[in-house]
Amino acid sequence: MSNKGRPDVSHISDAIRRDGTRVKRRFGELTDKFDVPTGAEDKMHHAADAARHRAADAKHYARDTAEHARAQVEHLVDRATSGAPPVAGVGKQVLGAARGRPLSITAAAIVGVVLIWWIARRRA
């Protein structure tokens with residue numbers, strides 16, 4: 001018989017090996033796609049890592065904001081205490097001055113009342 005009717009066996013076995021390799025590779029890709037529990041677990045881990053990262057960022061932001069607010073409060077308290085004397089101290093000073101000069105305070109109060117009465121009478 002002649003070789004024309006027979007296929008070349010070496011080319012066929014190479015083609016079968018290549019096809020087998022392609023089939024195995026494609027089968028591996030398909031099994032990876034259909035491995036739902038592993039994919040879901042991977043997504044769950046990624047989501048948990050992202051949530052931990054966001055929580056850590058929020059924690060740092062809250063600490064920074066609290067520290068900034070505390071520094072501002074300290075600054076305002078320092079400014080308030082170093083400024084003018086408190087209102088209670090001023091009130092005590094006025095009362096002390098009034099006790100020392102009761103006649104002049106009484107005269108000023110009488111003049112004020114008369115002035116208010118005179119202005120009200122003029123407008124009426």
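Buried means under 20% relative accessible area, exposed means over 50%, and partly exposed lies in between, with a 1.4 Å probe and protein chains only. By that scale, arginine 70 is partly exposed at 40%.

Now the model. It is predicted, so local features need pLDDT of at least 70, side-chain atom pairs need 80 or more, and totals for chains, interfaces and linings use all residues. Residues count from 1 along each chain as its sequence is written, and side-chain values use heavy atoms, without hydrogens or water.

The fold: 4 helices, 0 strands. Helices here are DSSP runs of H or I, at least four residues; strands are runs of E, at least two; numbering starts at the N terminus. Of the 124 residues, 0% count as buried.

Next, salt bridges. That is a side-chain nitrogen of Lys or Arg within 4 Å of a carboxyl oxygen of Asp or Glu. The whole structure has 4.

Start in helix H1, residues 9-33: aspartate 19 and arginine 22 are 3 residues apart, about one helical turn. Their side chains meet at 2.9 Å, N to O.

On to helix H2, residues 36-82, which holds aspartate 49 and arginine 52. That bridge is 2.7 Å, N to O. Arginine 52 is exposed at 55%; aspartate 49 is partly exposed at 45%.

Back to arginine 70. What does it pair with? Glutamate 67, at 2.4 Å, N to O.

Last, tryptophan 118. It sits in helix H4, residues 102-123.
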